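Hi,

Here is the structure I wanted to pass on to you. Have a look at it first, and then read on for what turned up.

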Amino acid sequence: MIVFCMTLIVLLAAAVALFLAAGWHQREYHADERDRLNTAFYQQRLRELQRDETEGVVANRAEMERDLQQMLLTDVTDGQHVPGRQSSCWVLLPGVVLLLLVSTGVYLQTGGYAQLAGWIAVQRDYPALRARVMDPDAQPLTMEELARLQLGLRTALQQTPGSADEWAMLGRLGMVLNNATAAGQAFERALQRAPDSLELQQDYAEVLTRSGDPQDNRQASVLLHALLKRDSANLRTLSLLAFNASGQQNYTEALDAWRAMLALLPAGDPRITLIQRSIEQAKTAAGQQAVALSLTVKLSPPAEKMLPPDGVLYISVSDGVSPVPVAVKRLPLSHFPLSLTLDDSDAMMPDRLLSAQHQVQVRVRIARDGSANPQAGDWFGLSAITSWEGHQPLTVEINQQQP
């Protein structure tokens with residue numbers, strides 16, 4: 001900061017010096033130079049008078065020549081130097097003040113002073129932020145504080161070579177802050193210092209897997225396959241490989257990796273449920289999942305008599321435990337009985353697929369005004385909670401009215 005301020009002061013001083021030098025610039029004209037100019041002007045006027053007399057424009061040439069000679073004698077000096085005028089320092093002082101004010105104002109508006117002040121504040125707070133992130137008992141850092149920590153760490157690593165752990169920390173901060181480019185560059189620097197680190201290679205592969213660039217995804221796949229040859233039972237490598245393969249629509253490889261994880265996890269591990277859902281999603285995406293709910297909807301006689309002409313049919317499927325639907329379909333009213341199918345394309349959330357359910361409960365409602373929320377007077381039907389293996393059909397009768 002001191003060097004920066006000194007640079008600004010030197011630049012301002014140089015600008016003021018140039019301004020003063022221009023203001024005090026003094027020129028000195030020699031009399032001989034002026035006499036030569038006056039004589040040349042006299043000769044030129046004589047030639048013009050001679051031409052005008054020849055053309056008959058003037059008749060008193062002699063008198064006009066005497067006037068020119070008198071003017072020449074008056075203008076000729078005795079050869080002394082004639083000094084030019086010099087500006088007073090008090091005349092230049094307002095200009096100097098204006099120059100300083102304009103230069104300072106332009107810098108404050110366009111020179112990034114606020115960013116510089118923020119950067120200086122980050123440098124001041126960096127040691128405390130780093131101590132907090134390294135202390136497991138300290139209060140977690142906010143996203144803004146993590147961003148300040150990343151800037152402070154990046155600045156420190158520009159001044160010193162840094163260790164593999166410091167570059168890895170910068171990479172992980174980039175991942176948390178969703179800056180894949182910065183994270184990838186940081187992990188590359190870390191791997192240059194610790195090329196055999198399995199954890200760093202997995203971190204780098206994760207960054208490449210998350211990238212939106214297909215080339216990065218392919219590079220991650222090559223790296224993960226190499227890591228899998230080193231340790232075929234590493235759960236994190238298998239998980240990254242499955243995620244990477246699924247993102248590239250290589251569902252066969254993704255399914256193999258998830259199934260290998262299921263074989264390694266102990267019974268009761270909470271990750272088993274998530275992996276099973278991922279497997280079902282991959283099967284559906286690959287066209288290997290032929291699960292679909294065949295549903296028939298009927299109307300009771302009272303409901304048929306009160307059928308609204310512009311109503312909407314809402315069908316929701318739940319697991320019978322959670323009130324949040326697994327699948328939802330919205331249809332305009334048509335003839336009854338109505339036959340339709342629901343599958344994973346009707347799922348409300350990608351992590352709760354219809355094909356992954358072992359029991360279902362179906363609710364069918366006729367919305368008179370098209371509202372997604374039940375209204376008093378709407379007719380609906382509700383099935384019993386039914387064990388479901390993914391193929392048996394269900395029938396629901398609309399026979400109740402919303403109170």
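Start with Gln249, which sits in the loop between H11 and helix H12 (251-264); helices here are DSSP runs of H or I with at least four residues, strands are runs of E with at least two, and both are numbered from the N terminus. Before going further, note that this is a predicted model, so local features need pLDDT of at least 70 and side-chain atom pairs count only at pLDDT 80 or more, while totals for chains, interfaces and linings use all residues. Residues are numbered from 1 along each chain as its sequence is written, and side-chain values use heavy atoms, with hydrogens and water left out.

Back to Gln249: its phi is positive, about 65°, although the residue is not a glycine. Most residues other than glycine have a negative phi, and most peptide bonds are trans. Gln249 counts as exposed, at 60% relative accessibility (exposed is over 50% relative accessible area, buried under 20%, partly exposed in between, with a 1.4 Å probe and protein chains only).

Asn178 is another case: phi is near 60°, again positive in a residue other than glycine. You'll find Asn178 in the loop between helix H7 (164-176) and helix H8 (180-193), and it is exposed, with a relative accessible area of 71%.

In the model, residues 164-197 are 79% helix and 0% strand, with the end C-alpha atoms 10 Å apart.

Now the helix packing around H11. The axes of H10 (residues 214-230) and H11 (residues 235-247) come within 10 Å and cross at roughly 150°. Axes are lines fitted to C-alpha atoms, for helices over the stretch in contact, and angles run from 0 to 180 degrees between N-to-C directions. H10 and H11 are therefore roughly antiparallel (over 145 degrees; under 35 is roughly parallel, 65 to 115 roughly perpendicular, the rest oblique). Their crossing is left-handed, meaning that the near helix is turned anticlockwise from the far one by less than a right angle, with clockwise being right-handed. Residues making the contact (heavy atoms within 4.5 Å) include Leu224, Leu227 and Leu228 of H10 and Leu238, Leu240 and Leu241 of H11. By class, this contact has 7 nonpolar, 5 polar and no charged residues; Ala, Val, Leu, Ile, Met, Phe, Trp, Tyr, Cys and Pro count as nonpolar, Asp, Glu, Lys and Arg as charged, and the others, Gly among them, as polar.

H9 (residues 198-210) also packs with H11, at an angle of about 15° and with axes 10 Å apart, so H9 and H11 are roughly parallel. The crossing of H9 and H11 is left-handed too. Among the residues in contact are Glu199, Asp203 and Glu206 of H9 and Arg236 and Phe243 of H11. The classes for H9 with H11 come out as 2 nonpolar, 4 polar and 4 charged.

Last, the strands. Pro337 is in the loop between strand S5 (327-332) and strand S6 (338-342), and the peptide bond from Phe336 to Pro337 is cis, with omega near 0°. Ala327 lies in S5 and is buried, with a relative accessible area of 0%. Not counting residues up to four places away in sequence, Ala327 touches several others, including Ile315, Val317, Leu342 and Met348.

Cheers
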